[in-house]
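This briefing concerns side-chain contacts in one protein model. Please study the sequence and the structure below before reading the points that follow.

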Amino acid sequence: MTKSGEDHNPGRRKFLKGVGIAGAGAAIADHLWTEAEAQEKPGTLSGDVRVTLNVNGKARDVQVEPRTTLLNALRNHLEPAVTGPKLVCDVGTCGACTVLLDDKPVYSCLVLAVDATGKKITTVEGLGTPEKPNEVQSAFVENDALMCGFCTPGFVTTISAYLKKNPNPSLAEVREACKGNFCRCGTYPRVFEAALAAAKGSQA
Ligand code: FES
Ligand code: FES
């Protein structure tokens, strides 16, 4: 992700500086680097791009900047928006934005929308409906596994994916599976109970 020229492609900058341009000449290197960057237009992405995202089984066209995250595209660029995944930290530390990419949980704040094309994107909305929730969604309701609910879509998504891999987990395994999701309200015991109840329910 490009924030400034300073951040962009440090490898090439180092290379230019390393081929005999040093000290005050570094400014020249900067100039050369900028020129090289300007000539690099073919093949680079700039301006808005149109992409098609496969969200919860539907092809959704959206126009985004290349730097737009999948989370941002879902929440702010799709019409109607997909707001299950939540924006909290935006730096990949809390798990509130968790979605499934080809059935694997990812932090959607760390995935570019353009990189999610051609992949199956599943958000908490795609796991079940209010009329027909999946086992995990039902277990969260039955076990009162939320307080403010802001972390809940992330937990539900993570646990739903995990139970497909391990349908009969121990408490320790559930805790381990959820280690990338934080709950600021501290609802962990209920969340883990819900996960274990969902596992039992899906085996019944
Ligand atoms: S908002 Fe993505 S990990 Fe926190
Ligand atoms: S229920 Fe409030 S952050 Fe988890």
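The side chains of E65 and R67 meet in a salt bridge, with N and O 2.9 Å apart; the term denotes a side-chain nitrogen of Lys or Arg within 4 Å of a carboxyl oxygen of Asp or Glu. The model is predicted, so local features need pLDDT of at least 70 and side-chain atom pairs count only at pLDDT 80 or more, whereas totals for chains, interfaces and linings use all residues. Residues are numbered from 1 along each chain as its sequence is written, chains are lettered from A and ligands numbered from 1 in the order in which they are written, and side-chain values use heavy atoms, with hydrogens and water left out.

**Salt bridges**

- Side chains of opposite charge can pair when their charged atoms come close.
- The structure contains 4 salt bridges, including the one between E65 and R67.
- E65 is partly exposed at 35% relative accessible area, while R67 is exposed at 54%; buried means under 20%, exposed over 50% and partly exposed in between, with a 1.4 Å probe and protein chains only.
- D103 and K120 form another of these bridges, their closest N and O atoms lying 3.0 Å apart.
- D103 lies in the loop between strand 3 (98-101) and strand 4 (104-107) and K120 lies in strand 5 (residues 120-122), so the pair ties together parts 17 residues apart in sequence.
- Helices (H or I, at least four residues) and strands (E, at least two) are DSSP runs, numbered from the N terminus.
- Both partners are partly exposed, D103 at 44% and K120 at 37%.
- K179 and E176 also meet through their side chains, at 2.6 Å from N to O.
- K179 is exposed at 56% relative accessibility, and E176 is partly exposed at 47%.

**Aromatic rings**

- The structure holds 2 aromatic pairs; rings of Phe, Tyr and Trp (its six-membered ring) pair if their centres lie within 6.5 Å, and planes under 30 degrees apart count as stacked, over 60 as edge-to-face and the rest as tilted.
- The ring centres of F155 and Y188 are 6.1 Å apart and the planes stand at 75 degrees, so this pair is edge-to-face.
- The pair links distant parts of the chain, with F155 in helix 5 (residues 152-165) and Y188 in helix 7 (residues 188-203), 33 residues apart.
- F155 is buried at 0% relative accessibility, whereas Y188 is partly exposed at 27%.
- Together with F192, F155 and Y188 form one aromatic cluster.
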